[in-house]
Amino acid sequence: MGNDEAGGIPRLDRPYGPDQLDTALLTRGAVILSEAYSSEQCETFLAQVAAYVQEHPEEAEYAAGSVLGYFQGETTSTLHSLVGTIPCAPSMVLQKDIVDCARRVLNPLSDTILLTIAEYMARQPAAERQQLHRDTFSWRHFPGGEHPVALTVMAAMTDFTAENGATWVVLDSHGGAPDAQAPDWSEAVQAEMKQGDALLFRADLFHAGGANTTESDVRRIFSMGFQVAWLRTVENHALSVPPAKAMGLPCELQELLGYSHELVLGLYKGGDPKNSLKLA
Ligand SMILES: O=C(O)CCC(=O)C(=O)O
């Protein structure tokens, strides 16, 4: 295990050992991967998002008024469904250490995994601290258990600091019902990270975005999730990445977007959804 710099959150340096990674995630609920993305990847991502928003101001407006945009509030800008619009999003999603980890830790409950969401968030000065919450609240009627059903990733596209609202997590708070009472704030620690670091946590771990108390430091996040394939995803990928768009994507990403099936779930005309790509 790497040093415990980030408020006791396990931190691993490259090359990340799969056993250490999975153990930290499954036992403590969260782990930080140092330099999961290079600075160049982060800068490219930010430049492509900025260019996209400039070319499509209506998308930023739509995002602000959307269910998730409204939930985030006025001091956070968001952009969703990045795969299919942001050229580098496929390679960001397919960060191998992260996807492989998701496959391993979700494997006890699912043969296939899906991308829950891939989004960009910019938390501006005056952004307030969120409530401690579990991302499994999306599937709140499903009881929690020993094995995770989903994994969340918060990747720092700019430095996460205590002042600009680095994500708070309550270590060891995983494993309960999605709507269980949140622990006391005194148990929460902040995931301070450098640009390119990624915080991975079980989606049933209590966490929250912090308050941005700075004058001008916008905290920029690439956030994504992975989940067992028998639960519905947050993003409806078939609409944002229809077959004609999905055809050109890497095979693994097609699977993560739902051009895949878990036994008889997700079939296309009774068969493999990949068949829809041949017809596109
Ligand atoms: O801002 C963060 O670091 C965490 C965001 C989060 O948990 C959420 O938006 O649900």
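I started at R219: an N or O atom in its side chain is 2.8 Å from an oxygen atom of the ligand. I count a polar contact as a pair of N or O atoms within 3.5 Å. The model is predicted, so I kept to its limits: local features need pLDDT of at least 70, side-chain atom pairs count only at pLDDT 80 or more, and totals for chains, interfaces and linings use all residues. Residues are numbered from 1 along each chain as its sequence is written, and side-chain values use heavy atoms, with hydrogens and water left out.

Next I looked up T167, whose side chain has an N or O atom 2.6 Å from an oxygen atom of the ligand. For Q72, I found a polar side-chain atom 2.9 Å from a ligand oxygen. I then checked the cover: on its own the ligand has 290 Å² of accessible area (Shrake-Rupley method, 1.4 Å probe), and the protein covers 95% of that.

Who else surrounds the ligand? My list has R123, Q130, H133, M154, H207, G209 and I221, along with Q72, T167 and R219; near means a heavy atom within 4 Å. I sorted this shell into 2 nonpolar, 6 polar and 2 charged residues, with Gly counted among the polar ones.

Last, I turned to the domains. The chain is divided into domain 1 (11–235) and domain 2 (237–280), with bounds from an automatic or database domain assignment. I noted 24 Å between their C-alpha centres. Across the boundary, 20 residues of domain 1 are in contact (heavy atoms within 4.5 Å) with 16 residues of domain 2.

Definitions and conventions:
A polar contact is a pair of N or O atoms within 3.5 Å; within protein, one must be able to donate a hydrogen and the other to accept it, and residues adjacent in sequence count only if both atoms are side-chain atoms.
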